[in-house]
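Me: I have a model open and would like to learn how to read its features one at a time. Where do we begin?

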Amino acid sequence: MKKVENLLDRLIDKLKEEKNLLIESITDSSVSEKLMKVIEEKREILSELSQFSVEDLEQFQDKVETIQSMSRLNLNIAANNAQFIEELFDIIFDEPQKYDQSGSITGKQQKGFINKKI
């Protein structure tokens with residue numbers, strides 16, 4: 001059971017590292033290679049953990065709950081990063097406004113970056 005505990009501890013460390021890299025990646029694109037390496041290491045640990053039964057993990061319920069919580073947090077950070085980048089592209093490459101026959105403006109409304117909800 002020491003191996004299971006060791007794997008869970010390693011996974012928690014990788015999730016912490018992943019969180020930091022996700023936060024840093026929004027400002028520094030060079031972090032992406034490190035992030036991909038951490039994700040791959042995390043997959044390897046999960047693959048090793050999948051070889052154990054549920055009963056083997058039951059005694060480490062607190063660590064499993066920590067892992068679930070951290071995974072959700074990292075997923076939210078990644079989703080927010082993707083939404084932020086998408087909104088930046090929308091602002092930068094916004095499609096032009098068009099006028100219909102009545103003179104009304106159609107298409108996306110122009111919004112400044114400051115006025116957007118992030």
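Reply: Phe89 is partly exposed, with a relative accessible area of 46%. Its place is in helix H4. Keep in mind throughout that this is a predicted model.

Me: Which residues make a nonpolar surface patch with Phe89?

Reply: The patch consists of Ile26, Ile85, Phe89, Ile92 and Phe93, and covers about 510 Å². Ile85 also sits in helix H4, and with a relative accessible area of 40% Ile85 is partly exposed.

Me: How far apart are Ile85 and Ile26 in sequence and in space?

Reply: They are 59 residues apart in sequence, while their C-alpha atoms are 8.4 Å apart in space.

Me: Let me step back to the whole chain. In what order do its elements run?

Reply: Counting from the N terminus, the order is α-α-α-α-β-β. That gives four helices and two strands. The chain has 118 residues, and buried ones make up 22% of them. Of the contacts with a separation of 6 or more, 67% are between residues 24 or more positions apart.

Me: How do I read a helix such as H4, and what is its reach from first C-alpha to last?

Reply: Compare the span with the expected one. H4 has 32 residues and reaches 47 Å, close to the 46 Å expected at 1.5 Å a residue.

Me: And which residues of H4 are buried?

Reply: The general idea comes from the helix geometry. An α-helix has 3.6 residues a turn, so residues three or four places apart point the same way. In this model the buried residues of H4 are Lys63, Val64, Ile67, Met70, Asn74, Ile77, Asn81 and Glu87. H1 and helix H3 (54–58) are included in what covers them.

Me: Which residues form the largest nonpolar core?

Reply: There are eleven: Val4, Leu7, Leu8, Leu11, Ile12, Leu15, Ile45, Leu49, Phe60, Ile67 and Met70. H1, H2 and H4 each supply at least two residues of this core. The largest share, six residues, comes from H1.

Me: Take one member, Val4. What does Val4 touch beyond four places away in sequence?

Reply: Val4 touches Leu49, Phe52, Asp56, Leu57 and Phe60. Apart from this core lies another, of six residues, including Leu21, Leu22, Val31 and Leu35.

Me: Now the charged side chains. How many salt bridges does a search of the whole structure find?

Reply: The general idea is brief. Side chains of opposite charge can pair when their charged atoms come close. The search finds seven salt bridges here. One of them joins Lys63 and Glu5, with the closest N and O atoms 3.6 Å apart. Lys63 lies in helix H4 (residues 61–92) and Glu5 in helix H1 (residues 2–25), so this pair ties together parts that are 58 residues apart in sequence.

Me: Are Lys63 and Glu5 buried or partly exposed?

Reply: Lys63 is buried, with a relative accessible area of 17%, while Glu5 is partly exposed at 23%. The cut-off for buried is under 20%. Lys63 and Glu5 also belong to a network of salt bridges that links them with Lys2 and Asp9.

Me: What about Lys14: which residue does Lys14 form a salt bridge with?

Reply: The partner is Glu41, and the closest N and O atoms are 2.4 Å apart. Lys14 is in helix H1 and Glu41 in helix H2 (residues 32–49), so the pair ties together parts that are 27 residues apart in sequence. Lys14 counts as buried at 19% relative accessibility, and Glu41 counts as partly exposed at 21%.

Me: Where do Lys42 and Glu18 lie?

Reply: Their side chains meet in a salt bridge of 2.9 Å, N to O. Lys42 is in helix H2 and Glu18 in helix H1, 24 residues apart, and the pair links distant parts of the chain. Lys42 is buried, with a relative accessible area of 16%. Glu18 also counts as buried, at 7% relative accessibility.

Technical notes
Residues numbered from 1 in each chain as written. Predicted model: local features only at pLDDT ≥ 70, side-chain atom pairs only at ≥ 80, totals over all residues. Heavy atoms only, no water. Salt bridge = Lys/Arg side-chain N within 4 Å of Asp/Glu carboxyl O. Buried < 20%, exposed > 50% of the residue type's maximum accessible area, 1.4 Å probe, protein only. Expected span 1.5 Å × (residues − 1). Contact = heavy atoms within 4.5 Å. Patch = residues over 30% accessible without salt bridge, like charges linked within 9 Å, V, L, I, M, F, W, Y side chains within 5 Å. Areas by Shrake-Rupley, 256 points an atom, 1.4 Å probe, with all protein chains shown as cover. Core = buried A, V, L, I, M, F, W, Y, C linked by side-chain atoms within 4.5 Å.
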